[in-house]
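Look over the structure first, then read on.

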Amino acid sequence: MADTAATADTSLAHDTAPETDGMRRRDFVNVAAVSAAGVGGLAVLYPLISQMSPSRDVLAESSTELDVSAIQPGQAIKAVFRKQPLFVRRLTPAEIAAANAVPVDSLRDPQTLAERTKEGHEDMLITMGVCTHLGCVPLGAGEGEIKGEFGGYFCPCHGSSYDTAARIRKGPAPKNLEVPDYEFTSDTKVVVG
Amino acid sequence: MSFPWAKEYQPTNGLTKFLDEKLPLPRLVYNAVGAGYPVPRNLSYFWNFGVLAGFFLVLQIVTGVILAMHYAANAQIAFASTEHIMRDVNWGWMLRYAHANGASFFFIVVYIHIFRGLFYSSYKAPREMIWLLGVVIFLLMMATAFMGYVLPWGQMSFWGAKVITGLFGAIPLVGEPIQIWLLGGFAPDNAALNRFFSLHFLLPFVIAGVVILHIWALHIPGSSNPTGIEVKSESDTVPFHPYYTAKDGFGLGVALIAYCLLVFFLPNYLGHPDNYIEANPLSTPAHIVPEWYFWPFYAILRAFTADFLIVPAKLMGVLAMFSAILMWFFLPWLDRNPVRSGHYRPLFRKFFWFGLIPAMAVLFYCGGAPAEEPYVMLSQIATAYYFLHFLVILPIVSSIEKTEPLPTSITAAVLGSDKEVVKGEAAEPVAV
């Protein structure tokens, strides 16, 4: 500090003199101010981005309750879950047998029928009605709709065929039809989501 | 566009060199709010409010565009969609309160900005165009704020829309057809709400455009300053960056603390509870008031209670209210004294602090008070003074006033003498 003693203005000396800790006071103030503004700016950014994610009223509609007692073997219904079609299908013994006969290793998205249904309800196949290719609604759940060459669902947009366990067998779709989270609250009631 | 000693932009790397050649945007910013803009060294905190106004304009546009993602401009569901924003949308309550109070803060800083201009006569040559554009911005702000207040479709929204469009009904002969045309109906309804929403979205961008012209016009003569004397030499100025970016940054921090106190602790303090009641065309609230920032002009509107010759009172009020602002367009030519700053104009200063400011305060208070005595009479006195001040007192004062001696230069005003500062040291005013 000997060479700065000659400077008459001590406050100026504070700013310009190299100090022992290697940080000038002005640099410290600068870094602190810019950091505080930066952290504050990022904190403000969070709500501005978060506001675009689903609002409370949308989330409140995000579970669906279904009564599956009226569905006959071989029949399917279309329900709505999170504003998207949901396929609920009661499989016939022949369809179950067909699904179980396929070697799992040969599948594009290997899954057994048992993995895609709930224990004790192996005949209830509940999947999203959204093709895993680009999101069209496959045919096969409605009365008289074609079911494709594997007897499950067929997407008319780009020709993906799903089998009786709604697994992808042919066409461009990468995955089986998605099985949403659901549980049986009684023998006939299902809560999806 | 600037003083000859303004620093020139030097692109330092490949990217900035490329940009400077193809689209010199960094150069534009450097010359506008960077080190390339020399600014008088003696600016007080009153000179923060232009930047603050710009900040709040951006804040309003950002929060407003976001609110428009969740709001539905339909009279059937507008009120419900506002409540949806408050209750369902993530952070919706914060965004709406930020927008509503942002409008108030925009007006607070713009009012201070205008009063700075009035006291320091910033409107005088060579800065008339900056002032005129500023008045245009203020008028656009008032239109935007009014239409924004209609959107939540509460009781005050509805009756505000009815009363304000009713002003146009005061125009002789064509008034009523104009009012019906403005509303797209006989009373505010879906058609009015939709067009107000459309214009409320559009006008802020028009304001942003006029703000660019305002700043462009400012950069030709450069900023004014508290002495009101022009920049003479390099020692009178400092570069905008870092000196005024730092000072404006500090001012912004203080403004944001006040703003956050309101947004997070008193979000409805400046609003009216009746606007949380859905619009009802069959029931007028007992006490209709506009938002606080319109109170002075609302008081002028209500000050005219008797017909004047052949002019009905209703028309007089409307004319007076619009004239109260339109008059500002003539201000540069009403005040002819070449001395700008109120600091050197003793007579002007007296009328400013003991005439104009109290009159504005009275108008402000009476505009928010019920339309009964003594507020009506007080409004009338204050209105009379308001117009007298600009149309009579200011022209007379500016011609008869004996002004105080001005400092020889800005540097002399700051340091006592501009001889003390050796050229070259002027860039280091940290020593003062």
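Predicted model: local features only at pLDDT ≥ 70, side-chain atom pairs only at ≥ 80, totals over all residues.

**Two helix pairs**

Two packed helices are described by the angle between their axes and the distance between the axes. The table gives both values for each pair.

| Helix pair | Angle | Axis distance |
|---|---|---|
| Helix 3 (residues 49–68) and helix 5 (residues 92–119) of chain B | about 155 degrees | 9 Å apart |
| Helix 11 (residues 295–302) and helix 15 (residues 375–400) of chain B | roughly 105 degrees | within 9 Å |

Take helix 3 and helix 5 of chain B. Their angle is about 155 degrees. An angle over 145 counts as roughly antiparallel. Helix 3 of chain B and helix 5 of chain B are therefore roughly antiparallel to each other. The crossing of helix 3 of chain B past helix 5 of chain B is left-handed. Helix 3 of chain B contributes residues including Phe49(B), Leu52(B), Phe56(B) and Leu67(B) to the contact. From helix 5 of chain B come others, among them Leu95(B), Phe105(B), Phe106(B) and Ile112(B). Sorted by class, the contact between helix 3 of chain B and helix 5 of chain B holds 16 nonpolar, 7 polar and 1 charged residues.

Now take helix 11 and helix 15 of chain B. They cross at roughly 105 degrees. That makes helix 11 of chain B roughly perpendicular to helix 15 of chain B. Helix 11 of chain B brings Phe297(B), Ala299(B) and Ile300(B) to the contact. Helix 15 of chain B brings Ser379(B), Thr383(B), Tyr386(B) and Phe387(B). By class, the contact of helix 11 of chain B with helix 15 of chain B has 5 nonpolar, 2 polar and no charged residues.

**Where the chains meet**

How many residues of chain B are in contact with chain A? There are 14 of them, and they touch 14 residues of chain A. Together, chain B and chain A bury about 1,200 Å² between them. Carbon and sulfur atoms account for 62% of that area.

**Backbone details**

Ala125(B) and Pro126(B) are joined by a cis peptide bond, with omega about 5 degrees. Pro126(B) lies in the loop between helix 5 and helix 6 (128–150) of chain B. The peptide bond from His241(B) to Pro242(B) is also cis. Its omega is near 10 degrees. Pro242(B) sits in helix 10 (residues 240–265) of chain B.

Lys83(A) is not a glycine, yet its phi is positive, about 65 degrees. Lys83(A) is found in the loop between strand 2 (76–81) and strand 3 (84–90) of chain A.

Definitions and conventions: Residues numbered from 1 in each chain as written. Chains lettered and ligands numbered in written order. Heavy atoms only, no water. Axes fitted to C-alpha atoms, helices over the stretch in contact; angles between N-to-C directions. Helix = DSSP H or I, 4+ residues; strand = E, 2+ residues; numbered from the N terminus. Parallel < 35°, antiparallel > 145°, perpendicular 65-115°, else oblique. Left-handed = near helix turned anticlockwise from the far one by under 90°. Contact = heavy atoms within 4.5 Å. Nonpolar A, V, L, I, M, F, W, Y, C, P; charged D, E, K, R; others polar. Buried area = accessible area lost by both parts, 1.4 Å probe.
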